[in-house]
Amino acid sequence: MHPSTPTHTPDAPAQLLAGTKRPQRTPAGLVGDTPVLWIGAPFTAAGRGFWAKLEGHNPGGIKDRTALHMVRAARERGRLAPGARIVESTSGTLGLGLALAGGTYGHPVTVVTDPGMEPLMTGLLAAYGADVELVDTPRPVGGWQEARRRRVAEILADCPDAWCPDQYNNPDNVAAYAPLAHELVAQLGRIDTLVVSVGTGGHSAGIASVLRGFFPHLRVVGVDTTGSTIFGQPAAPRLMRGLGSSIHPRNVAYHLFDEVHWVAAPEAVWAARHLARRHYATGGWSVGAVALVARWLARTLPAEERIVAVFPDGPQRYVGTVFDDTYCRAHGLLDGDPPADEPEEIERPGDRVVTRWTRCTHIVDPLADPGTDPLAVAPRPNSGAGVGR
């Protein structure tokens, strides 16, 4: 017989659930309260590291939060009629969130995407009941994103009762992330630096604006991709999905950022793969890019700095891209050396076209008054151009 192991019997059965998520009656109840994981050596330098908010633990990823919130808010305001169709442009993750919201509130969903969407994502969206429409030609200005948005407009014209969340410009996309910010405060108590990818601008603006209310000197570091227009670079073909843009989403809160880093696809792949091997926690393009920047900040900022990086999703949809050697070799993602230890630096976003990891500490809205001199804008206290406080 095996020796018995002493066990503690709770005073009441309910105590068995202490510290766990409660049972849920709907899939929407599974969204939120995602874990935070310490990312340290060997991914980072010894004795240094950062905290990662693992949004891949939501059913579909970080955009489950905004899809549910935007749909709920539109219903409450009477903009989305009961049973009406939801139509939106997406590169993938928001589509999963809208499928969840459509199932929760009883709406059919049409997502408009492009050939860059992974077959796994197309299959998942269909499995969850969404109709998937594919555009086949990018627009000369705005590329695939503009082509998708034009197709959305055509569908809306044919279906007068349909509703588009317009994730790029809808302020509800921003408001949806206040609970995520509150979770971080409850989980970590103090946050000094926030590292976030930027695409539609929703989660970066929503999280940073709330956290800065708690921590006025919070450093906000945006992570974009090379070829993206968001922070003033010219548009170029982009392999990475989920961050970056070929248009200028008005949800991007430029005034909140202290610096931006552009990361190239091979650099994001390197970081995502090394993160997976060393910490069994990773994701795709956005996670790799964010982790690369957070890794550098953990090494260069004071050791006591508490850094939080938001990982928008998990690795599942990227098995055929980021984590597939054949795909990566075909796109030249494994050919070069590992990323440099330091980013290149530019003084202003328009100084030159960046093609590798590059940092800039002067942030301006590219659509703002062209006469505005970004260097004339007074810096916020403790947000100087240097890395250190």
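Biologist: Where is Asp-33 found?

Modeller: In this predicted model, Asp-33 is found in the segment that comes before E1, and its phi is near 55°, which is a positive value in a residue other than glycine.

Biologist: Stepping back, how many helices and strands does the protein have?

Modeller: There are 10 helices and 11 strands in the protein, and of its 389 residues, 53% are buried. As for the surface, the accessible area comes to about 17400 Å², with 55% of that belonging to carbon and sulfur atoms.

Biologist: Now helix packing: at what angle do H1 and H2 cross?

Modeller: The axes of helix H1 (residues 63-76) and helix H2 (residues 93-105) cross at roughly 45° and come within 8 Å, so the two helices are oblique to each other. The crossing of H1 and H2 is right-handed.

Biologist: Which residues make that contact?

Modeller: On the H1 side they include Ala-67, Leu-68, Met-70, Val-71 and Arg-75, while on the H2 side they include Leu-94, Gly-97, Leu-98, Ala-101 and Tyr-105. By class, the residues of the contact of H1 with H2 divide into 10 nonpolar, 4 polar and 4 charged.

Biologist: What about H6 and H7, how do their axes cross?

Modeller: Helix H6 (residues 178-188) and helix H7 (residues 202-214) have axes that come within 8 Å and cross at roughly 40°, which means that H6 is oblique to H7. H6 passes H7 in a right-handed crossing.

Biologist: Who is in the contact there?

Modeller: H6 contributes Ala-178, Leu-180, Ala-181, His-182, Leu-184 and Val-185, and H7 contributes Ile-207, Val-210, Leu-211 and Phe-214. The contact of H6 with H7 has 9 nonpolar residues, 1 polar residue and no charged residues.

Biologist: Which residues of H6 are buried, and what covers them?

Modeller: The buried residues of H6 are Ala-178, Leu-180, Ala-181, Glu-183, Leu-184, Val-185 and Leu-188. Their cover includes strand E1 (36-39), strand E2 (50-54), H1, helix H5 (171-175), H7 and strand E9 (307-311).

Biologist: What follows H6?

Modeller: H6 is followed by Gly-189, whose phi is positive and near 80°.

Biologist: On to prolines: where does Pro-82 lie?

Modeller: Pro-82 lies in the loop between H1 and strand E3 (86-89), and with a relative accessible area of 74% it is exposed. Leaving aside neighbours within four places in sequence, Pro-82 is in contact with Arg-75 and His-107. The C-alpha atoms of Pro-82 and Gly-106 are 7.4 Å apart in space, although the two are 24 residues apart in sequence.

Biologist: And the peptide bond from Ala-41 to Pro-42, is it cis or trans?

Modeller: That bond is cis, with omega near 10°, and Pro-42 has its place in the loop between E1 and E2.

Definitions and conventions: Residues numbered from 1 in each chain as written. Predicted model: local features only at pLDDT ≥ 70, side-chain atom pairs only at ≥ 80, totals over all residues. Heavy atoms only, no water. Helix = DSSP H or I, 4+ residues; strand = E, 2+ residues; numbered from the N terminus. Buried < 20%, exposed > 50% of the residue type's maximum accessible area, 1.4 Å probe, protein only. Areas by Shrake-Rupley, 256 points an atom, 1.4 Å probe, with all protein chains shown as cover. Axes fitted to C-alpha atoms, helices over the stretch in contact; angles between N-to-C directions. Parallel < 35°, antiparallel > 145°, perpendicular 65-115°, else oblique. Left-handed = near helix turned anticlockwise from the far one by under 90°. Contact = heavy atoms within 4.5 Å. Nonpolar A, V, L, I, M, F, W, Y, C, P; charged D, E, K, R; others polar.
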